Amino acid sequence: MLKLPYSLREELKEPLGQLHKSIDSIEDLLLQQLSHDKLIITIGDVTTENLLNKGIIPQIGIVDNMTRRKPVDINLDKIDNFKYVSNPAGTITDELNDIIIDSISMATVDNPVIIDVDGEEDLAVLPCVINAPKDTLILYGQPREGVVLVCVDEAYDQALNYYNKLIKE
């Protein structure tokens, strides 16, 4: 298990990609990504739900059924393939990492996967960036600001640097 050290918390609050006010401004890019059968990963309940509400189904959605520490219930009826994992706040468990890797290898437009996290999914962006193909797009929410669009090929080095700074427990 990897744990987020206190010294890295502020640094990781900075977006790992480009911040957009809403998904509306990148909707065409996401549709193009899917039309080329390239991977889209969403992290967070609101981001995943916002994409689904637009009729865009990410191949991988990572949720924890919480938004700002309050329970939420999003409609995931369009997805049949669920994986469940425990991942405490401020950590990346080996199990979460393994499920992300497995999901990346099997998820498709026709077979999307939801990874339902018991705990917290916030740090999942790091193993997603490190393990996904270079042409993958990853979206996650930036509280009260919008959605962050991460292009794996552009964020890989920075994500790997953060990942290597996590404390092995």
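## The largest pocket

Helix 3 gives the largest share of the lining of the largest pocket, four residues. This is a predicted model. The pocket holds about 1,500 Å³ of space. Its lining counts 40 residues, and those closest to the centre are Glu121, Asp122, Gly141, Gln142 and Pro143.

Which elements supply at least two lining residues each? Three are helices: helix 1 (9–12), helix 3 (45–53) and helix 5 (125–131). The others are strand 5 (66–67), strand 10 (137–142) and strand 11 (146–151). By class, the lining has 15 nonpolar and 15 charged residues, with 10 polar ones beside them.

## Fold and overall shape

Six helices and 12 strands make up the secondary structure elements of the protein chain. The C-alpha trace spans about 40 × 30 × 30 Å along its principal axes.

How does the radius of gyration fit, and what value does the protein chain have? The chain has 15 Å, which agrees with a compact globule, because a globule of 169 residues would have a radius of gyration near 15 Å.

## Packing and surface

Of the 169 residues, 48% count as buried. The protein chain exposes about 8,800 Å². Carbon and sulfur atoms supply 47% of that area.

Methods:
Residues are numbered from 1 along each chain as its sequence is written. This is a predicted model: local features need pLDDT of at least 70, side-chain atom pairs count only at pLDDT 80 or more; totals for chains, interfaces and linings use all residues. Side-chain values use heavy atoms; hydrogens and water are left out. On a 1 Å grid over the protein atoms alone, a cavity is a set of points where a 1.4 Å probe fits but cannot get out, and a pocket is an open set with protein on both sides within 12 Å along at least five of seven lines; lining residues have an atom within 4 Å of a point. Grid points are joined across faces, edges and corners, and a volume is the space filled by probe spheres set on the points. Ala, Val, Leu, Ile, Met, Phe, Trp, Tyr, Cys and Pro count as nonpolar, Asp, Glu, Lys and Arg as charged, and the others, Gly among them, as polar. The radius of gyration is taken over C-alpha atoms; the globule rule is 2.2 Å times the number of residues to the power 0.38. Buried means under 20% relative accessible area, exposed over 50%, partly exposed in between (1.4 Å probe, protein chains only). Accessible areas come from the Shrake-Rupley method with a 1.4 Å probe; for residues, only the protein chains shown count as cover.
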